[in-house]
Structure formats: structure tokens, C-alpha cells
Amino acid sequence: MDGNIHKMREEIDLLDEEILNLISKRKQLSKKIIDLKIGSNLPVEDARREREIILNLHNKFSDKLSLNFIIRLFDNVFTEAKKQVKFGKLEAGKQQNIIDALNKRPLIIAGPCVIESQEQIHDIANILSKMEVKFLRGGVFKPRTSPKSFQGLGIEGLKYLNIAAHETNMYTVSEVLDSRQLEENYSNIDVIQIGTRNMTNFNLLKSIGKSTAADKKPVMLKRGFSSTINEFLSAAEYILDAGNPNVLLCLRGIRTFEQIDSTMRNTPDLADILELKQKTNLPVIFDPSHSAGNSNYIISLSKAALVLGADGLMIECHENPSEALSDGIQSIYPEKIIDIFEFAEKLIKRRDI
Ligand code: PEP
Ligand code: MN
């Protein structure tokens, strides 16, 4: 090859490196600006500034580069910079006390998979509240795989949950399967759960987002068991975009080939705690119960999730797991949650040092 071409190519390689070096430097600087904006509660997006940058550059380079080229290049540069923005943040709602409780650590949500009787949820609530668990879960509209399985006590069960939570100074967490269930039971649910099977029910996400926009009632969205992290975040965005910023992200295990010969019901998606914490400011809850489907693993997985930085845990418990009407195999005795609490408190202290 012509020696000149070779030399010029070497020069081009150097220039390309320089271009990418400059773009990386620019990205770092804009990250600093984004962090400052987030710290001062200013919007990250600034379309006017982006337009100004492009027009200024066009004025200076109009004889060398087309406007179209500058726009396409800088659209990519801006998008790359904004990718560094962390997604979402809990905001004050009508009930600031719930948001305060959600911001306290350790954040533990516990209770039976399904509420079986008033006495049962009353007894469990009493045990949990003594350990200072603040969120009482209990399913009443159950999305069961088989139509022959117990489907939950419905509205009656929700009343039991509400009474038990009220008596013990706890908040209720329960799943709804459609908008009508939410409408009819709105005041009895403090944190609305959307289950794994409904993560891609976009109409439901939109409608729950809309009906909670006024009071910003928190919504806990569970990851679809076959969904990627970006699909999970996009599902959360449906609720945020409908006007409710208060979304909790719950990892609950995913389907992989491992179930072929493992005793686990799902693959615990523990590592995604790191990924979500990197991408969002929304609380990340880990559910060891549905992740493992095996009560022997609940304590260890809970501890691992806390070490990895999970903001909270959702744990199924039952007074007599072998007799439970749903998910007994993964339920622990409520008293066992004290181990997790103690571990979490030690961990928080160590982090404070
Ligand atoms: C639940 O937490 O009650 C539940 C049904 O979980 P998932 O939607 O993750 O299966
Ligand atoms: Mn369950």
C-alpha cells in the first residue's frame, strides 16, 4: 500500500481515539452536572440547552458539517450522557408516614402468602409487630396456577388484613389483579402489589398509575419471571409516567434452565440487586420466598440480598407451614424473621462506621 495512505490512516486512528477520549471526558462532566441537578431537585432533562448546543455548533461548523450530521451525532452523545441518570425516587405523598416507613432500614414486609382466617392474620401480625416489622402482607386475590387451588378470601380477607394491621400499627401490602379490585378496596391497601404475572399487563399498570397519581400511594411492582431488567424498568415507567413516582421494585426470582434439577422454584435474581441499584433510586426489594420456593434457603438469601444492597425484603411466613393453603413449602415461622432483623441491624451499623 502507498506509504502516504498508511501514514494518513495512522493519523486517522489517532484522531478517532482523540474523538472518543473527548466524548468520554464530556460524558464524565455531564454526569457531574446531572448529580448536582438531582441533588438540588432540578429536572435532568433540558431540551432547550440541547438545542442551543446544536445551533451554536452549527453556526461554527456550517461550512464543514451539515446540521443533520451534527444533530444525529449529538443526539447520541446526549442520550449516552442521560443513560447515567438514575431512575425514579420516592416522593412525599398524601401519607408521608408511609413514605417515611418505606425509607427506614431494614425495610421488611412479611406475612402469609394467603390470608386463611382472621385469627391467623391477627396472630401473625402480633408476632411481627413485636419485632418492629412495619409492613404486613397477605394475599386475598390470588393468581394461582391451578383454578382448583385456593383463590383467597377476597374482600373479606382484606378486611381481616386491615384490622390486624390497624391493631398492630402496621401498613398493609396486598396484590390486586385488576382495576376493579383496586377501586373497591382502595382504602384497605397501603402498598398495592402488582404480581409477576401482571408485570406486562400494561393497561393495568397505566390504570393503577393513574388511580394512584393523586395521593401517590406506593405500588410494589414484582419482576415478571421471564422479563429482562430493562423490561422491568419500562414496566415501572408506566406507573411513573401515569403520575405516581412511588414505585418499589421487587425481584422475586426468574425462570432459567436451573429448575430442571434444582429444588428451587426459580433462580434467585440476587445479582440484579446490583444492577437495579445502579440504575434507579427506587427502593429495591428482594423476595427470597418466591425466588427460592424453599424455606431452607430464606434466611441465607435474605442476608445475601441485604449484603448486596437490597433496600428491603418481602418474606412469606406461616404459623404452621406444612398446613398452609398456599406456598407453605417456602414459608418460614414468623418468629424466624428476628434473625434477619438482627443481621440487618448489624449490617447497617457496620456501614455507618
Ligand atoms: C405474592 O407475592 O403473593 C405472589 C403471588 O408473588 P409473585 O407475583 O411474585 O408470584
Ligand atoms: Mn406466595
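What percentage of the 353 residues of the chain count as buried? The answer is 44%, where buried means under 20% relative accessible area, exposed means over 50%, and partly exposed is anything in between (1.4 Å probe, protein chains only).

Before you click further, some ground rules. This is a predicted model, in which local features need pLDDT of at least 70 and side-chain atom pairs count only at pLDDT 80 or more, while totals for chains, interfaces and linings use all residues. Residues are numbered from 1 along each chain as its sequence is written, chains are lettered from A and ligands numbered from 1 in the order in which they are written, and side-chain values use heavy atoms, with hydrogens and water left out.

**The whole chain**

Start with a cartoon view. Taken along the principal axes, the C-alpha atoms fill a box of roughly 85 × 45 × 45 Å.

Asp339 lies in helix H13 (residues 337-352) and is partly exposed at 28% relative accessibility.

**The manganese ion**

Next, select ligand 2, the manganese ion. Which residues coordinate it? Show Cys113 (SG), His290 (NE2), Glu316 (OE) and Asp327 (OD), at 2.0 to 2.4 Å. Donors here are N, O and S atoms within 2.8 Å of the metal (3.2 Å for Na, K and Ca), and since water is not among the atoms, sites may look incomplete. Along the sequence, the donor residues follow the spacing C-x176-H-x25-E-x10-D.

Cys113 and His290 bring together distant parts of the chain, 177 residues apart. Cys113 is in the loop between strand E1 (107-111) and helix H5 (118-130), and His290 is in helix H11 (residues 288-292). Cys113 is buried, at 3% relative accessibility, and His290 is buried too, at 8%.

**The largest pocket**

Switch to a surface view and select Ile38, Val85, Lys86, Phe87 and Gly88. Of the 28 lining residues, these are the closest to the centre of the largest pocket, whose volume is about 1000 Å³. On a 1 Å grid over the protein atoms alone, a pocket is an open set of points where a 1.4 Å probe fits, with protein on both sides within 12 Å along at least five of seven lines; lining residues have an atom within 4 Å of a point. The volume is the space filled by probe spheres set on the points, which are joined across faces, edges and corners.

Now colour helix H1 (3-39), helix H9 (229-241) and helix H10 (272-279): each supplies at least two lining residues. H9 gives the largest share, with 6 residues.

**Rings that pair up**

Time for some aromatics. How many aromatic pairs are there? The count is 3, taking rings of Phe, Tyr and Trp (its six-membered ring) with centres within 6.5 Å; planes under 30 degrees apart are stacked, over 60 edge-to-face, and the rest tilted.

Select Phe135 and Tyr171. Their ring centres are 5.5 Å apart and their planes at 35°, so this pair is tilted. Phe135 sits in strand E2 (residues 135-137) and Tyr171 in strand E3 (residues 171-175), so the pair ties together parts 36 residues apart in sequence. Both Phe135 and Tyr171 are buried.

Move on to Phe202 and Tyr238, a stacked pair with centres 4.9 Å apart and planes at 25°. Phe202 belongs to helix H8 (residues 202-211) and Tyr238 to helix H9. Phe202 is partly exposed at 35%, as is Tyr238 at 31%.

**Charges over rings**

Select Lys217 with Tyr186: the lysine lies over the face of the ring, 4.3 Å from its centre. Then try Arg255, whose charged end sits over the ring of Phe225, 4.6 Å from the centre. The rule asks for NZ of Lys or CZ of Arg within 6 Å of the ring centre and within 35 degrees of the ring normal.

Last stop: the peptide bond from Arg105 to Pro106 is cis, with omega near 0°. Pro106 is in the loop between helix H4 (96-103) and E1.

Notes
Helices (H or I, at least four residues) and strands (E, at least two) are DSSP runs, numbered from the N terminus.
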